[in-house]
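Please open the model in your viewer and keep the selection panel at hand. The stops below say what to select next and what is to be found there.

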Amino acid sequence: MNKPYISTMSHKQGGRTLKKQSGSALLIAVFVIIVISLLGASLMSLQRDSAQGTSYEIYAARAYLAAYSASEIALTQLFPLGASEASAANCTGNKIEPTLPSDTAGFHGCGVNYTCNIISSAVATRYKVVSTATCKNSQINTRRQITVEASSL
């Protein structure tokens, strides 16, 4: 008669292996959580920096457009429509702040001024208009300056 062969050795060995693996799974889970948390924190930092860069670009564009608008205002006062010559009386050399409507939504937080100087020459009178705009909020302060030269013939 043959005796059935029962091995209890492999059963015990399998139990020990499962016990050893249960602790390593906890370490792997903690490691994965830490790595995902670091990735999330770096993505949030990247997003914050991107938003701040966009704010700088917006305020720089506002300042540039405000300075450009001030130079256009100066030129329209210097060379009025329908006049045959430039109105040199409007070019005083002093800083002038153009009046902007208080409800100008696009230029909220911006201030602008310009100076106009007469540069004499033998051929024609030249005018130099320098407009400066500053746009700011609690964290950003942006300044742009535009210089325009015009001459009357």
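Throughout this tour, buried means under 20% relative accessible area, exposed means over 50%, and partly exposed is anything in between, worked out with a 1.4 Å probe on protein chains only. This is a predicted model, in which local features need pLDDT of at least 70 and side-chain atom pairs count only at pLDDT 80 or more, while totals for chains, interfaces and linings use all residues. Residues are numbered from 1 along each chain as its sequence is written, and side-chain values use heavy atoms, with hydrogens and water left out.

**The whole chain**

Begin with a cartoon view of the protein chain, which comes to one helix and three strands; here helices (H or I, at least four residues) and strands (E, at least two) are DSSP runs, numbered from the N terminus. Read along the sequence, the pattern is α-β-β-β. Of the 153 residues in the protein chain, buried ones make up 20%. If you switch to a surface, the chain exposes about 11700 Å², of which carbon and sulfur atoms supply 59%; accessible areas come from the Shrake-Rupley method with a 1.4 Å probe, and for residues only the protein chains shown count as cover. Contact means heavy atoms within 4.5 Å, and among contacts between residues at least 6 apart in sequence, 50% join residues at least 24 apart.

**Along helix 1**

Select Ile28, Phe31, Val32, Val35, Ile36 and Leu39, which make a nonpolar surface patch of about 570 Å². Patches are made of residues with over 30% relative accessible area and no salt bridge, like charges being joined within 9 Å and nonpolar side chains (Val, Leu, Ile, Met, Phe, Trp, Tyr) within 5 Å. Valine 32, one of these residues, lies in helix 1 and counts as partly exposed because its relative accessibility is 38%.

Next, select arginine 48 and aspartate 49, which form a salt bridge with their closest N and O atoms 3.7 Å apart; the term requires a side-chain nitrogen of Lys or Arg within 4 Å of a carboxyl oxygen of Asp or Glu. Arginine 48 is exposed, with a relative accessible area of 53%, whereas aspartate 49, at 41%, is partly exposed.

Then show tyrosine 59 and arginine 62: the charged end of arginine 62 sits over the ring of tyrosine 59, 5.2 Å from its centre. A charge is taken to sit over a ring if NZ of Lys or CZ of Arg is within 6 Å of the ring centre and within 35 degrees of the ring normal.

Move on to glutamine 77, also found in helix 1 and partly exposed at 37% relative accessibility. Which residues does glutamine 77 touch, not counting residues up to four places away in sequence? They are Ser87, Asn90 and Tyr114. Its C-alpha atom is separated by 9.4 Å from that of alanine 88, which is 11 residues apart from glutamine 77 along the chain.

**An aromatic pair**

Rings of Phe, Tyr and Trp (its six-membered ring) pair if their centres lie within 6.5 Å, and planes under 30 degrees apart count as stacked, over 60 as edge-to-face and the rest as tilted. By this rule the count comes to two aromatic pairs. Select phenylalanine 79 and tyrosine 127, an edge-to-face pair at 5.9 Å centre to centre with 90 degrees between the planes. This pair links distant parts of the chain, 48 residues apart: phenylalanine 79 is in the loop between helix 1 (9–78) and strand 1 (110–119), and tyrosine 127 is in strand 2. Phenylalanine 79 is partly exposed at 28% relative accessibility, while tyrosine 127 is buried at 4%.

**Between strands 2 and 3**

A search of the whole structure finds two salt bridges, and arginine 126 with glutamate 149 is one of them (3.8 Å, N to O). This pair, too, links distant parts of the chain, with arginine 126 in strand 2 and glutamate 149 in strand 3 (residues 141–152), 23 residues apart. Arginine 126 is partly exposed because its relative accessible area is 34%, and glutamate 149 is likewise partly exposed, with 47%.

Finish with threonine 132 in strand 2 (residues 125–136), which is buried at 14% relative accessibility. Leaving aside residues up to four places away in sequence, threonine 132 touches Gly111, Val112, Asn113, Arg143, Arg144 and Gln145. Arginine 144, in strand 3, is partly exposed at 34% relative accessibility, and with the same exclusion its contacts include Ala60, Tyr64 and Thr132.
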